[in-house]
Amino acid sequence: MSRHVIRPFEEADLAAAASLLAQRHRVHRKRHPLLPADYEDERLALVEVTGAWETEGASGAVMVEGGEVTGYLLAAPKPSAVWGPNIWVEAAGHAVREPEHIRDLYGAAAAQWVEDGRIAHYVLVPDDAELIDAWFRLAFGSQHAHAVRPVPDTPLPPARDLVVRRAARADIPVLAELDLVLPQHQALSPVFSSGGIPTLEEAVADWEESIDDQDYVTFVAEYSGQAIGSAIGCSLDKSSAHNGLAKPDNAGFLGFAAVLPSARGRGAGRALGEAVLQWSADTGYTSVVTDWRVTNLLSSRAWPRLGFRQTFHRLHRLIGH
Ligand SMILES: CC(C)(COP(=O)(O)OP(=O)(O)OC[C@H]1O[C@@H](n2cnc3c(N)ncnc32)[C@H](O)[C@@H]1OP(=O)(O)O)[C@@H](O)C(=O)NCCC(=O)NCCS
């Protein structure tokens, strides 16, 4: 017979939750030392849990066993319409001593979320097989990957048959065309992303304004003198999708890459990705982060081949069917 009690998360639970989170992160960093060391410290883990708790609309549950908090779950809605009537569990929003217990915590907390009409559920889970299995048995599936790799320690050899160079203002027409390639691809099966696709005119106007922005580096790959692909690198600080425990220190970011459909599979994606890796090394970053939709059959195969290792899984569940 179970001796645990589950009750709503309260402010007084923050310290115990931070202790559980720091412990989870210590184990996670054994697999991924590039994840930030700071949050192994309970005081800094507390900052993250407090952030999750203080997010507008946050709610959740704790498990208490023998007077001790042994698990917690905290979630809050994101205002963006892209995610539907949603509730999000961020990286600092859950930690359990026993993976199986996340199911009890979700069972308790999700009742109110669904009652409030929040039927699109998202959770960022470390790549811990038992924890992911427990979430899968709550009908969650894998939607998105967060990944990291160290910068290359020796210069990468140049690509064969391809020229990779920095983009110039004269490239704006092809850069704009390539901007549409990613959302067009992700609107198709099996991604079915609902993200909007800009018009070519909007993409050109965007590039006219941003091409000289020194915070971003843009590379173009050419084959037989024709531009066939592009990639963008920047500091990971520029990305809103990587935060707290899921944000390696001093990291570059492979934020965008696209190759024209007719030119895929001949190494341009690798050459562009490697240009961002090399730029990150030359800039002084320690690692490079990227992320992808796991249903994107192209990027989900290309980026692991470039040495990226998945750190977090974003899982998703849509209630009602
Ligand atoms: C993702 C993308 C940029 C990759 O570019 P690409 O030129 O097709 O990729 P490459 O030919 O350089 O292949 C990259 C690596 O993936 C591997 N790969 C590609 N397709 C694969 C497949 N179906 N199965 C297994 N591996 C595959 C290649 O073998 C290569 O690894 P290797 O160099 O070790 O052999 C390109 O497919 C694209 O534009 N996709 C649509 C937009 C997009 O998804 N952008 C990424 C946003 S996250």
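For residue classes I count Ala, Val, Leu, Ile, Met, Phe, Trp, Tyr, Cys and Pro as nonpolar, Asp, Glu, Lys and Arg as charged, and the others, Gly among them, as polar. On that scheme the shell around the ligand has 8 nonpolar, 6 polar and 6 charged residues.

Ground rules next. This is a predicted model, in which local features need pLDDT of at least 70 and side-chain atom pairs pLDDT 80 or more, while totals for chains, interfaces and linings use all residues. Numbering runs from 1 along each chain as its sequence is written, and side-chain values use heavy atoms, with hydrogens and water left out.

**Entry: ligand site**

I listed the neighbours, taking a residue as near if one of its heavy atoms lies within 4 Å. I got 20 residues around the ligand, with Ala 257, Val 259, Arg 270, Asn 296 and Arg 305 the closest.

I named helices (H or I, at least four residues) and strands (E, at least two) as DSSP runs, numbered from the N terminus. α5 (172–187), β11, α7 and α8 (299–305) each give at least two residues to the shell. The largest share, 5 residues, comes from α8.

Then I checked polar atoms. A polar side-chain atom of Arg 270 is 2.5 Å from a ligand oxygen atom. For Asn 296, a polar side-chain atom sits 2.7 Å from an oxygen atom of the ligand. Arg 266 brings a polar backbone atom to 3.3 Å from a ligand oxygen. The protein covers 76% of the 940 Å² of accessible area that the ligand has on its own; I took areas from the Shrake-Rupley method with a 1.4 Å probe, where for residues only the protein chains shown count as cover.

**Entry: α7 and α5**

I compared spans with expectation, which is 1.5 Å times one less than the number of residues. α7 (residues 268–283) has 16 residues and should span 22 Å; its end C-alpha atoms are 22 Å apart, so the two agree. α5 also has 16 residues and reaches 23 Å, close to the 22 Å expected.

For burial I used relative accessible area: buried is under 20%, exposed over 50%, partly exposed in between (1.4 Å probe, protein chains only). Buried residues of α7 include Ala 268, Leu 272, Val 276 and Trp 279. They pack, with contact meaning heavy atoms within 4.5 Å, against elements including β7 (141–150), β9 (216–223) and β12 (287–293). In α5 the buried residues include Ile 172, Leu 175, Asp 179 and His 185. The buried residues of α5 pack against α6 (200–210), β9, β10, β11 and β12.

Gly 284 follows α7 and has a positive phi, near 105°. Ala 139, in the loop between α4 and β7, has a positive phi of about 75° although it is not a glycine.

In the loop between α5 and α6 I found Pro 190. The peptide bond from Ser 189 to Pro 190 is cis, with omega near 0°. Phe 192 is in the loop between α5 and α6, and its phi is positive, near 55°. Phe 192 counts as exposed at 60% relative accessibility.

**Entry: Arg 317**

Where does Arg 317 sit? I found it in strand β13 (residues 309–318). Arg 317 counts as partly exposed because its relative accessibility is 23%. Gly 141 is 176 residues away in sequence, yet 6.5 Å away in space, C-alpha to C-alpha.

Conventions. A polar contact is a pair of N or O atoms within 3.5 Å; within protein, one must be able to donate a hydrogen and the other to accept it, and residues adjacent in sequence count only if both atoms are side-chain atoms.
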